[in-house]
Amino acid sequence: MQISFWGVRGSYPVPGAATVRYGGQTSCVEARTASGECLIVDAGTGMRALGNKLVRESGGAPGQYHVLLSHVHWDHIQGLPFFSPAYIPGTRISVYALLTAANELDQVIGGITRHEFFPMPLEAVPAQFQFHQVEPGVDFVIGAFHVTPIALNHPFGSVGYRIDADGQSWAYVADTAPFDRVLHKQHFLSGPEPLSEDDRVALAAMHDALVARLRGVDTVVYDTHFTPDEYARFPHYGHSTPDQAIAICAEAKVRRLVLYHHAPAHGDDQMDQIAKQYLEKGEAVGVEVLTSFEGMTLPVGPEAAA
Amino acid sequence: MKIRFWGVRGSFAMSGREFLRYGGNTTSVELKTDAGQRLLIDLGTGATELAKHLMAAEFGKGQGSLPILLTHTHLDHIQGLPFFTPFFIKGNEIRIMGADPISGLSLEATLQNQLDPHYSPLNGLENLAAGVTISSFVPGGTIAVPGFVVTTARVPHGSMWTTAFRIVADGKVVAFLSDVEYPSIDEPLPEAIELAKDADLLVHDAMHADKDYELRRGWGHSPARAGVVVAERAGAKRLALFHHSPDATDEMIDEVVGRTAASTKVSVFAAAEGAYLDV
């Protein structure tokens with residue numbers, strides 16, 4: 001299995017001279033098995049270029065695509081209306097997502113293409129869409145992929161995925177805050193709120209479940225949006241630092257961590273510094289730390305013995 | 001009056017080397033009077049760059065005031081809204097004006113949907129710390145904001161409408177016609193010609209190279225030639241090609257500009273992210 005990064009940016013796409021090397025498009029990763037089966041994780045703006053590649057590969061023939069969504073914030077779904085395979089009649093697209101509020105998934109995803117936002121409503125798109133609700137703790141299988149959803153700490157909920165195929169294992173952990181200072185729920189936070197005893201218990205349970213599910217995973221792609229200084233100012237925004245990701249990966253004995261969901265303000269030069277700094281920090285605790293960039297492809301290693 | 005293009009790209013923000021000279025941000029255009037009053041058109045990703053400049057001055061202190069006109073609410077024209085940092089500073093006064101979408105929702109309800117908790121952790125317009133007022137207008141009238149007088153008109157955009165603007169300040173005129181497709185390229189609507197009458201600068205939708213247009217007729221966007229016809233009929237002095245296709249690299253835009261400029265006596269250039277230009 002290998003994974004390819006089509007969008008590595010958080011929040012919104014960032015064109016310009018400062019993002020030429022790491023890339024400016026938002027969250028989208030493609031996993032491929034050795035036999036060519038494809039699984040897409042998140043539908044940020046990186047999905048447009050992925051879709052164009054998939055259409056070139058298929059020669060324009062209809063296909064079946066599977067898309068796992070971590071959550072439905074704009075930076076994780078905005079590429080969907082620009083995914084060119086969706087405009088090929090006969091194409092089927094299965095979308096898997098956490099139900100984070102009262103609405104049904106088809107209304108939530110359909111809502112992004114409603115008339116005010118996009119010229120073509122979802123029901124008029126030629127591809128046939130199917131929606132599947134995921135639940136942390138309930139594994140499922142998509143072709144050769146075994147998928148384990150993992151609850152994460154993000155405003156209105158988010159879900160990570162452990163993905164096993166070909167005897168190899170990687171995980172997608174975005175978007176998430178760390179599990180000590182703020183517990184994200186279904187309301188707006190203008191700053192960190194004091195934690196109740198129940199909140200601490202819930203955070204510890206989320207942390208423990210994440211570490212348990214990452215155990216033995218070869219490669220973990222993790223939301224490391226913030227530098228430590230930025231996190232200190234915005235602990236309630238729902239994102240982590242590379243230090244927090246390294247701590248989780250070291251605890252779960254993960255071989256390799258990939259920094260991901262870079263803040264829009266982090267230009268290429270700053271990303272170079274972050275990459276170098278955390279490669280060294282990771283080495284000190286036995287975790288190989290890579291920094292994702294648009295166009296990066298990584299072979300996933302075998303699942304480690306428990 | 002000066003104009004600065006913060007985002008010139010249509011549909012989709014494009015990063016990468018092929019888009020550096022014209023810029024990959026989606027639409028956002030600032031107009032500034034000689035006295036320093038500002039008017040912003042659209043809140044595409046380009047607005048996030050303008051936001052950095054505004055925050056370095058009075059908007060960072062909660063003392064800024066900004067009127068914003070929206071052509072319409074397709075995502076490429078509003079996707080910078082949740083990241084436009086002056087909204088997060090108490091004391092700033094920001095007024096968003098636009099037509100109601102034809103779906104029946106009001107402009108305010110539409111922007112509220114953009115910040116719906118599913119889609120944005122901001123969880124609603126009420127959580128923006130700045131004073132934000134959203135007012136709908138019916139195109140066809142005139143709006144006065146400090147330093148500017150704006151005439152509005154409804155123009156066709158595929159199966160819907162967008163709002164075009166004629167902006168007068170300091171005795172100069174900018175006509176802004178983005179996201180528009182006329183039933184016939186050679187016969188632009190009289191409203192469009194009226195709006196651009198004797199304009200010092202016409203900013204016009206040029207999403208498609210002329211050679212690509214036939215395949216994309218009906219999608220709601222113009223070929224470069226449409227702006228030329230409007231400029232010639234209206235007697236506009238300069239034409240800025242705008243709302244470049246996400247597939248158009250810098251070299252492709254250069255070619256469109258060269259071909260378009262050779263076809264008319266109107267002075268033609270392609271809108272690019274960058275410096276303030278004198279109107």
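In the predicted model, chain B comprises five helices and 14 strands. The radius of gyration of chain B is 18 Å, close to the 19 Å that the globule rule gives for 279 residues, so this chain is as compact as a globular protein of that length. The C-alpha trace of chain B extends over about 50 × 40 × 40 Å along its principal axes, and 53% of the 279 residues in the chain are buried. Of the contacts in chain B between residues at least 6 apart in sequence, 68% join residues at least 24 apart.

Seven strands of chain B form an open sheet with mixed pairing, in the order S7-S8-S9-S10-S11-S12-S13. From one strand to the next, the twist averages 20°. The pairing of S7(B) with strand S8 (residues 148–157) of chain B is antiparallel and runs over four bridges, with Thr142(B) standing opposite Thr151(B) in S8(B).

Helix H4 (residues 224–234) of chain B packs on this sheet, where it touches strand S10 (172–177), strand S11 (201–205) and strand S12 (238–242) of chain B, and its direction makes about 150° with that of S11(B). Helix H5 (residues 250–261) of chain B, in turn, lies across S12 and S13 of chain B and runs at about 170° to S13(B).

The contact between the chains takes 32 residues from chain A and 32 residues from chain B. On the side of chain A that touches chain B, the residues divide into 17 nonpolar, 13 polar and two charged.

Definitions and conventions: Residues numbered from 1 in each chain as written. Chains lettered and ligands numbered in written order. Predicted model: local features only at pLDDT ≥ 70, side-chain atom pairs only at ≥ 80, totals over all residues. Contact = placed C-beta atoms within 7 Å. Nonpolar A, V, L, I, M, F, W, Y, C, P; charged D, E, K, R; others polar. Helix = DSSP H or I, 4+ residues; strand = E, 2+ residues; numbered from the N terminus. Rg over C-alpha atoms; globule rule 2.2 N^0.38 Å. Buried ≥ 20, exposed ≤ 12 C-beta atoms within 10 Å, placed from the backbone. Pairing = 2+ DSSP bridges. Axes fitted to C-alpha atoms, helices over the stretch in contact; angles between N-to-C directions.
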